[in-house]
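Please look over the sequence and the model shown here before reading the notes on its side-chain contacts, aromatic rings and backbone geometry.

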Amino acid sequence: YALTPAGGVKWIFRVANANALQPVSVGTDGTIYFASIASIYAINPDGTLKWTFTDPAFSTVFAGPTVGPDGNIYGATSDVGGLNGGLGAFVLSPVGTLLSSFPGFSTRFGYSNIEVAFGPSQWYFTNNATGGVSDAGSIWAFSLGSTNLIWNQGAIGQPRVQPSGNVVVGDGNPVHPGLKDFNPGGSLVWSALGEGTPNDSQTSVDVGSDGLVYVGTLAFG
């Protein structure tokens, strides 16, 4: 749905027999990007279809599509170990051409709604299935413009990048969730909340322009 500043409906773009569950992302030229099941849609500012791209294995998009600072579109599909040509992490050009992919991701329990986060030279997302580091999930860091894997660490939820270039994300603890902060090289800078403290993190995290980290918590005895 495109709404006017007054809240009226400007136009609606419909996908037959499908839902749009991923976050919407808008490019500097006004192109709107969203995902429905295994397909990425690019919509012109007037609500007409510009192009569409579908994962070859019809694997569901769980991260992105998010426009990067270079104008490319980033995301990831739950390609179940790369079977049948699934993309996994992917980079698309502004015209919908596949530039790069890195298969081998899976998710559990409908994990989705993850926006890709961008640092000065890397891009990040998380999955929640058994991965390279932690059974609770992992955060993955790739070189901007490609799917060249730089590092991954145990984490879960929506990552956000601080002005310093560090990335903050949920720690993946299923009982007492907290936060972790990693530097661009993938080393842990600090951890907070969760296990061993009187407060669990309960919401997606956000970061202010001054680098402060904001999150909702649950206190317990």
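The points below are grouped by topic, after a short note on conventions.

This is a predicted model, in which local features need pLDDT of at least 70 and side-chain atom pairs count only at pLDDT 80 or more, while totals for chains, interfaces and linings use all residues. Residues are numbered from 1 along each chain as its sequence is written, and side-chain values use heavy atoms, with hydrogens and water left out. Strand names refer to DSSP runs numbered from the N terminus, a strand (E) having at least two residues and a helix (H or I) at least four.

**Salt bridges**

- The structure contains two salt bridges, the term standing for a side-chain nitrogen of Lys or Arg within 4 Å of a carboxyl oxygen of Asp or Glu.
- One of them joins aspartate 29 to lysine 50, with 3.6 Å between the closest N and O atoms; aspartate 29 sits in the loop between strand S3 (25-26) and strand S4 (32-36) and lysine 50 in strand S6 (residues 49-54), so that the pair links distant parts of the chain, 21 residues apart.
- Lysine 50 has a relative accessible area of 37% and is therefore partly exposed, given that buried means under 20%, exposed over 50% and partly exposed in between (1.4 Å probe, protein chains only).
- Glutamate 115 and arginine 160 form a salt bridge through their side chains, at 3.1 Å from N to O; because glutamate 115 belongs to the loop between strand S10 (98-102) and strand S11 (117-118) and arginine 160 to strand S15, the pair ties together parts that are 45 residues apart in sequence.

**Aromatic rings**

- The count comes to 17 aromatic pairs, where rings of Phe, Tyr and Trp (its six-membered ring) pair if their centres lie within 6.5 Å, and planes under 30 degrees apart count as stacked, over 60 as edge-to-face and the rest as tilted.
- Phenylalanine 62 and tyrosine 111 make a tilted pair, 6.4 Å centre to centre with 50° between the planes, and this pair links distant parts of the chain, since phenylalanine 62 is in strand S7 (residues 61-67) and tyrosine 111 in the loop between S10 and S11, 49 residues apart.
- Phenylalanine 62 and tyrosine 111 are both buried.
- Tryptophan 151 and phenylalanine 182 are likewise a tilted pair, at 5.6 Å centre to centre and 45° between the planes; this pair connects strand S14 (residues 149-154), which holds tryptophan 151, with strand S17 (residues 179-182), which holds phenylalanine 182, over 31 residues.
- Tryptophan 151 is buried with a relative accessible area of 8%, and phenylalanine 182 is buried at 2% relative accessibility.
- One aromatic cluster includes Phe62, Tyr74, Tyr111, Trp123 and Trp140 among its members.

- Glutamine 162 lies in the loop between strand S15 (156-161) and strand S16 (167-170), and with a relative accessible area of 11% it is buried.
- The side chain of glutamine 162 reaches the backbone oxygen of glycine 211 at 3.0 Å, and glutamine 162 touches Asp181, Val207, Gly211 and Val213, not counting residues up to four places away in sequence, contact meaning heavy atoms within 4.5 Å.
- Glutamate 195, in the loop between strand S18 (188-192) and strand S19 (199-201), has its side chain joined to that of asparagine 173 by a polar contact of 3.1 Å, a term for N or O atoms within 3.5 Å where, within protein, one must be able to donate a hydrogen and the other to accept it, and residues adjacent in sequence count only if both atoms are side-chain atoms.
- Leaving aside residues up to four places away in sequence, glutamate 195 touches Asn173 and His176.

**Backbone geometry**

- Glycine 64 and proline 65 are joined by a cis peptide bond with omega of about 5°, and proline 65 lies in strand S7.
- Phenylalanine 58, in the loop between S6 and S7, has a positive phi of about 55° although it is not a glycine.
- Leucine 193 also has a positive phi, near 65°, in a residue other than glycine; leucine 193 is placed in the loop between S18 and S19 and is partly exposed, with a relative accessible area of 25%.
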